[in-house]
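Hello,

Here is the structure you were waiting for. Please open it alongside this email; my notes follow below.

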Amino acid sequence: MLSATTLDIRGENTGAGAPRTLLEVRNLSVTFQASIGRQAVSAVQDVNFTVHEGRTLCLVGESGSGKSVTARAILGLVEEPGQIAGGQILYHREDGIQTDLAALDPKGKPFRSIRGNEIAMIFQEPMTSLSPVHTIGSQIIEAIRLHQLVSRKQAREQAIELLRQVEIPSPEAAIDRYTFEYSGGMRQRAMIAMALSCSPRLLIADEPTTALDVTTQAEILDLIARMQKRYGMAVIFITHDMGVVAEIADDVAVMRRSQLLEYGPVRQIFDTAEHGYTRELIESVRRLEHSARTVRGAKVSPQVLLSVRELEKSYGGRATGLGKRKAGAAVRAVKSVSFDLHRGENLGIVGESGSGKTTLANCLMRILEPSAGTITYTREDGSDLEVARAGGGALRAYHRDVRMVFQDPFASLNPRMTVAQILAEPLKVNNVLTRPDDLRKRVGELLDMVGMPADVAERYPHAFSGGQRQRIGIARALALDPRLVVADEATSALDVTLRSQILDLMLDLQERLNLSYIFISHDLGVIRYFCDRVAVMYRGEMVELGPADTVCSTPDHDYTKALLSAAPAGHPDEKRLANRHRYERP
Amino acid sequence: MTDTAPLPQMDAPGAAPDATASHWKLMWLRFCQHKLALFSLLIVGLIYLVALLAEFLAPFPPQEANARHVYHPPQGLHFFVNDDNGFRFQPHVTAFRMERDPVSLRTSYVEDEGQIIPVAFFGRSTPYRLWGVIPMDRQLIAPVEAGQRFFIMGTDRLGRDMLSRLIHGTRVSMTLGLAGVGISLVLGLLLGGLSGYYGGRIDWVIQRLIEYILSLPTIPLWMALAAAMPRNWPPTLQYFTITCIVSLVGWTELARVVRGRFLAMRDESFVVAARLDGCSQRRVIFRHMLPSLASHIIASVTLAVPLMIIAETSLSFLGLGLQPPAISWGVLLQEAQNIRSITQAPWLFIPGALVVVAVLSLNFIGDGLRDAADPYSK
């Protein structure tokens with residue numbers, strides 16, 4: 001959003017049209033030697049790119065592509081047993097001298113004077129990179145005093161000024177607070193303040209917004225962009241999200257399987273990508289701009305499957321001693337939520353973390369006990385079941401019809417069981433099938449349904465990638481021929497290219513098996529692609545409920561507008577974040 | 001989405017050679033990488049073999065006193081002789097002669113040159129019963145001439161053969177540890193599991209109980225319990241009582257670990273998934289939760305065994321645990337409690353060295369197991 005202006009500023013400064021080169025990475029290779037005698041695993045192979053002053057380079061790739069290792073190599077932070085196996089990292093100092101960072105001793109003094117001083121880094125998870133036992137202020141002051149000869153008092157004033165710059169409200173008070181008193185977005189701001197404390201020439205940001213909500217992400221991206229302008233920094237921004245790339249990048253480097261696939265200016269990459277994989281990445285963002293349900297001509301029956309009325313979930317005061325409850329203000333995680341779900345319909349529930357969407361899903365599954373309200377489920381034969389009060393056999397029958405797909409494909413499969421055992425478990429305990437031959441046949445069918453070969457049945461979950469595991473999770477949900485599947489952030493832990501595959505798989509299965517879905521996500525794009533109707537949750541309340549197309553194009557509620565405008569667009573030409581809608585809670 | 005640890009992609013089915021390897025196999029492969037632990041496993045295996053075959057390995061009955069061989073120094077075992085009949089294979093020890101200093105009247109042993117006591121491998125010995133059941137009359141090392149005595153590790157103040165006593169002590173000390181750990185394991189699993197799975201009031205009561213037990217000063221407690229034990233009980237019964245007493249205090253650590261794991265695992269999504277699959281509570285616990293704990297339990301048990309050995313040794317050393325005529329490492333070390341043994345019979349400390357070796361080995365195994373327990377980490 002500021003590439004053009006930044007370029008001009010730098011251009012004036014240097015007195016030439018082209019921006020000055022700051023960092024050149026040439027033929028960089030990093031290998032990991034897992035143990036002596038084993039063959040070294042290559043994490044980065046022969047990577048070349050250049051960072052110019054005042055410009056933003058986005059390193060894009062899926063998990064395991066080597067983008068973080070590349071960034072760490074620049075800072076000399078490659079962890080044991082990894083090592084730079086070859087290549088140069090040429091850093092152009094202000095006085096014009098070039099230093100090869102790859103050849104410097106990462107622990108030596110020359111490198112330390114560059115790291116943190118001229119090149120700073122911010123990380124994905126601000127909670128783990130900030131100390132929990134020191135105040136935010138003392139951490140920033142320490143960073144300042146490490147690189148500048150100033151008194152404690154001067155450093156404190158600088159720190160307050162930095163906190164003001166990163167827009168932390170009332171910085172004079174905030175400086176003495178501890179990490180846990182900051183929200184995720186505030187922590188990331190504090191990290192940025194710390195990184196800026198020595199006016200670096202290059203800022204490396206390693207997925208700084210991945211752990212944040214989409215609205216907070218927009219704020220942080222905006223902040224980084226403004227700070228970049230103010231300090232004239234270059235930024236290396238590591239991300240897996242092409243939407244973010246479209247918003248902020250000047251140049252893009254696409255990595256895959258430890259190699260650099262493509263490198264060029266952002267428009268070139270988006271408009272004339274040479275590599276199929278790059279196009280796939282861009283496509284996976286753009287696809288979410290449309291609804292797959294309308295394209296497929298989905299039919300929704302008027303018959304109501306699940307009817308939720310005035311559902312409440314509150315957590316009382318903490319239990320102390322022998323089960324006595326403290327009289328304290330109860331936290332209302334879900335406030336009076338009502339909706340209907342029709343047969344064959346996909347209902348999306350969207351909201352930020354802490355909005356109560358997962359609590360709602362857990363109440364629907366009776367993993368949590370709702371505090372008040374009714375959940376009425378209409379059985380196959382037309383009779384109604386009051387889920388909130390059901391128990392024993394009725395609840396077991398409900399759990400046969402309504403199944404769940406979990407967010408984390410690594411935690412949701414028992415690592416001690418083979419795929420066959422995992423898929424057979426619901427069939428066995430519900431006495432649907434008992435003969436080993438029948439079970440084997442059904443497991444084969446299920447694996448076939450989710451596009452996995454039948455011969456993987458004897459393997460353990462550790463042999464599969466995230467996407468494959470999520471397929472197994474879906475197969476488990478389908479084992480009992482359910483009528484409704486509740487998917488809680490089922491695609492959030494997956495890479496973007498896998499995400500659309502899984503979504504399409506779920507839609508295909510829906511048509512074959514006449515399913516309904518309740519799909520919970522923080523990602524409006526996924527919801528728009530997948531769902532017929534959307535419910536927007538904000539702080540436990542359902543603020544908007546309507547057809548997906550309407551909610552995602554002309555939303556009623558201010559919060560939905562903010563959410564919508566905070567989601568990055570799919571092309572550098574339509575940057576949204578610069579003029580996004582902000583929601584202030586009334 | 002961190003990608004700092006690059007893993008080989010396993011996208012193509014059939015790419016991973018250990019894809020069908022079970023959890024236990026992975027754990028074993030990982031354990032084998034820990035060379036020290038593997039070596040320790042060998043040592044502990046040997047020690048248990050000794051304990052198992054004590055009667056066969058010990059050359060003499062452990063209680064056999066011999067007034068003529070008090071504080072006899074160790075005799076080296078030699079394999080070849082070279083005498084008038086030529087050089088030949090003949091396992092033997094050199095005989096020692098007792099001498100008394102005419103001035104100080106102090107006794108000392110000097111090597112009796114030329115005098116050998118021939119010994120035989122798998123030679124005949126006085127008949128005995130292995131494990132008190134199988135009648136046997138051969139031992140690993142036996143004197144060729146019945147009635148002759150040799151002391152590879154010397155003798156104690158009553159002239160009893162240290163090697164035989166050590167071998168029998170190994171059986172008692174190593175199994176005493178096991179029995180105690182077994183009881184701790186059951187108690188710890190049961191109470192820790194209940195505490196973690198149900199939470200609430202049950203958890204509160206069990207946690208307070210654990211805190212109470214942890215607050216007890218152990219040495220006075222043991223003194224009281226040892227004093228309460230009837231003196232006329234046979235050593236075997238005393239042995240069992242000591243086991244129970246030691247383990248009644250030892251279960252608390254395991255219970256806390258198990259509780260923590262249960263609490264954490266109760267809400268893990270594969271356990272929730274099992275509940276939604278329709279599994280009964282018992283099936284959730286035994287089929288889904290406990291197997292995940294098994295590796296950790298094994299590791300903590302391996303680390304608990306050496307603690308038990310130390311506890312037994314130190315209690316017996318203080319005279320609170322096993323008492324003579326029972327034999328254990330601790331009882332043997334009781335003999336080494338005075339200055340005289342240090343100056344005159346340093347071989348009485350051999351049981352102490354064995355305690356160190358056994359405890360270290362078990363600790364290394366525990367370390368290796370703990371690292372291997374979660375083969376999916378790293």
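A:Arg309 is partly exposed, because its relative accessibility is 35%. Keep in mind throughout that this is a predicted model.

The partner of A:Arg309 is A:Asp340. Their side chains meet in a salt bridge, with 3.1 Å from N to O. The two residues sit on strands: A:Asp340 on E14 (residues 331-342) and A:Arg309 on E11 (residues 304-315). They are 31 residues apart, so the pair links distant parts of the chain. A:Asp340 is also partly exposed, at a relative accessible area of 22%.

Next comes A:Arg343. Its side chain forms a salt bridge with that of A:Glu380, at 3.7 Å from N to O. Here both partners are in loops. A:Arg343 is in the loop between E14 and strand E15 (346-350). A:Glu380 is in the loop between strand E16 (372-378) and strand E17 (384-386). The pair spans 37 residues and again links distant parts of chain A. A:Glu380 is exposed, with a relative accessible area of 58%.

Is A:Lys357 buried or exposed? A:Lys357 is buried, because its relative accessibility is 5%.

Which residue does A:Lys357 pair with in a salt bridge? The partner is A:Glu489, and the N to O distance is 3.6 Å.

Leaving aside neighbours within four places in sequence, the contacts of A:Lys357 include A:Ile349, A:Val350, A:Glu352, A:Ile520, A:Ser521, A:His522 and A:Met537. A:Gly351 and A:Glu489 are on that contact list as well.

**The wider salt-bridge picture**

Over all chains, the structure holds 34 salt bridges. Some of these residues are joined in a network: A:Glu167, A:Arg189, A:Glu219, A:Asp222 and A:Arg226.

**Two domains in chain B**

Chain B is assigned domain 1 (72-157) and domain 2 (165-372). Over C-alpha atoms, the centres of these two domains of chain B are 39 Å apart. How many residues are in contact across the boundary? On the domain 1 side there are 10, and on the domain 2 side 8.

The size of an interface is often given as the accessible area lost when the parts come together. Between domain 1 and domain 2 of chain B, about 720 Å² is buried. Carbon and sulfur atoms give 55% of that area. On the domain 1 side, B:Met153, B:Asp156 and B:Arg157 stand out. These three supply 55% of the area that domain 1 buries against domain 2, more than any other three residues.

What about polar links? The count of salt bridges between the two domains of chain B is 0. The count of residue pairs in polar contact is 1, with both residues at pLDDT 80 or more. The side of domain 1 that touches domain 2 divides into 4 nonpolar, 4 polar and 2 charged residues.

Best wishes

Definitions and conventions:
Residues are numbered from 1 along each chain as its sequence is written. Chains are lettered from A and ligands numbered from 1 in the order in which they are written. This is a predicted model: local features need pLDDT of at least 70, side-chain atom pairs count only at pLDDT 80 or more; totals for chains, interfaces and linings use all residues. Side-chain values use heavy atoms; hydrogens and water are left out. Buried means under 20% relative accessible area, exposed over 50%, partly exposed in between (1.4 Å probe, protein chains only). Contact means heavy atoms within 4.5 Å. Domain bounds come from an automatic or database domain assignment. Buried area is the accessible area (1.4 Å probe) that two parts lose on being put together, summed over both. A salt bridge is a side-chain nitrogen of Lys or Arg within 4 Å of a carboxyl oxygen of Asp or Glu. A polar contact is a pair of N or O atoms within 3.5 Å; within protein, one must be able to donate a hydrogen and the other to accept it, and residues adjacent in sequence count only if both atoms are side-chain atoms. Ala, Val, Leu, Ile, Met, Phe, Trp, Tyr, Cys and Pro count as nonpolar, Asp, Glu, Lys and Arg as charged, and the others, Gly among them, as polar. Helices (H or I, at least four residues) and strands (E, at least two) are DSSP runs, numbered from the N terminus.
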